[in-house]
Amino acid sequence: MFSRLFCYHNCMRKQVSFLASRARLWLQNPVPFAVLVGAALLYVGAFVSGLAEDVLDSDSIVLADGWLVRWLAAHRTPVGIGFLDAVSFLGNWQVVVVVLTVAVVILWNRRRRSALAMLVATTGSQLVVSLGKAGFGRPRPPAVLGVVTPLDASFPSGHSSVSVALYALGFYLLFRATRSPRLRGLWLVLAALFPLLIGFSRLYLGAHYLSDVLAGWAVGLWWSVLAMGVPGFARRRRTAKRQAADFRSRPNTAK
């Protein structure tokens with residue numbers, strides 16, 4: 001039995017590795033890569049538009065928003081408030097400016113594309129968040145249910161947006177630049193953990209509704225895909241043109 005399980009696990013691992021290698025080769029072509037990036041941008045954009053429409057129409061997501069805020073307010077603890085308030089602090093604009101500036105300065109000389117990707121994703125997502133807050137003007141959750149003092153509108157969440165566009169993207173770039181399997185796994189875990197913790201902290205503290213957090217994540221993801229996708233497509237296109245030029249310049253040895 002154990003030998004069969006080992007064989008099955010080994011065969012599955014080989015199949016997954018083969019499919020992953022084939023997918024990487026396929027995505028080296030600029031056309032499939034552009035199709036994948038474009039589809040991701042359209043899907044995430046449609047998701048944000050759907051959330052915005054549901055909020056404006058007071059659809060079912062609004063009912064879930066109110067229920068979750070009240071439930072979390074009734075189950076807060078001093079320890080939870082202290083921990084998640086510290087987590088939420090990572091999304092404050094002062095901290096974001098410092099982290100982004102340090103990252104860009106460190107990366108500028110050797111990994112300029114990564115620095116530009118983080119800069120574009122963070123600033124672009126925050127611009128969209130600011131426009132969304134001004135356009136929708138959604139009130140924050142009732143003050144009696146919150147433990148923080150909000151300064152602007154609620155939809156979408158700026159903390160959630162920056163948790164993806166800055167922190168998750170930064171850890172993903174570390175994942176790409178690292179060769180150690182353990183470190184690569186750590187960066188992927190942190191890339192998923194930071195947005196989840198920061199987004200949940202805004203819900204737990206009564207600063208945002210669930211739809212605000214979902215929209216913020218989506219905005220950050222959209223700009224991250226754009227910031228990584230456009231340079232990736234341009235790089236693949238240059239490589240394809242160079243390979244085609246090299247092929248044409250080779251002497252014809254056929255008799």
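**Note on the pockets and side-chain contacts of a predicted model**

1. The lining of the largest pocket is made up of 28 nonpolar, six polar and seven charged residues, where Ala, Val, Leu, Ile, Met, Phe, Trp, Tyr, Cys and Pro count as nonpolar, Asp, Glu, Lys and Arg as charged, and the others, Gly among them, as polar. A pocket here is an open set of points on a 1 Å grid over the protein atoms alone, where a 1.4 Å probe fits, with protein on both sides within 12 Å along at least five of seven lines, and lining residues have an atom within 4 Å of a point.

2. The model is predicted, so local features need pLDDT of at least 70 and side-chain atom pairs count only at pLDDT 80 or more, while totals for chains, interfaces and linings use all residues. Residues are numbered from 1 along each chain as its sequence is written, and side-chain values use heavy atoms, with hydrogens and water left out.

3. The volume of the largest pocket is about 1300 Å³, a volume being the space filled by probe spheres set on grid points that are joined across faces, edges and corners. Of its 41 lining residues, Leu169, Tyr172, Leu173, Arg176 and Met228 lie nearest the centre. Among the elements that give two or more residues to this lining are helix 1 (2–27), helix 2 (30–56) and helix 9 (210–249), but helix 7 gives the most, with 13 residues. Helices (H or I, at least four residues) are DSSP runs, numbered from the N terminus.

4. The second largest pocket has a volume of about 670 Å³, and of the 28 residues that line this pocket, Gly91, Asn92, Trp93, Asp152 and His159 are the closest to its centre. Helix 4 (78–89), helix 5, helix 6 and helix 7 each give two or more residues to the lining, with helix 6 giving the most, six residues. By class, this lining holds eleven nonpolar, twelve polar and five charged residues.

5. Phenylalanine 155 and proline 156 are joined by a cis peptide bond, with omega about -5 degrees, and proline 156 is found in the loop between helix 6 and helix 7. As background, most peptide bonds are trans.

6. Eight aromatic pairs are found in the whole structure, a pair being rings of Phe, Tyr or Trp (its six-membered ring) with centres within 6.5 Å, and planes under 30 degrees apart counting as stacked, over 60 as edge-to-face and the rest as tilted. The rings of phenylalanine 136 and phenylalanine 155 have centres 5.0 Å apart and planes at 75 degrees, so this pair is edge-to-face.

7. The whole structure has four salt bridges, each a side-chain nitrogen of Lys or Arg within 4 Å of a carboxyl oxygen of Asp or Glu. Aspartate 65 and arginine 138 meet in a salt bridge (2.9 Å, N to O), which links helix 3 (residues 60–74) with the loop between helix 6 and helix 7, 73 residues apart.
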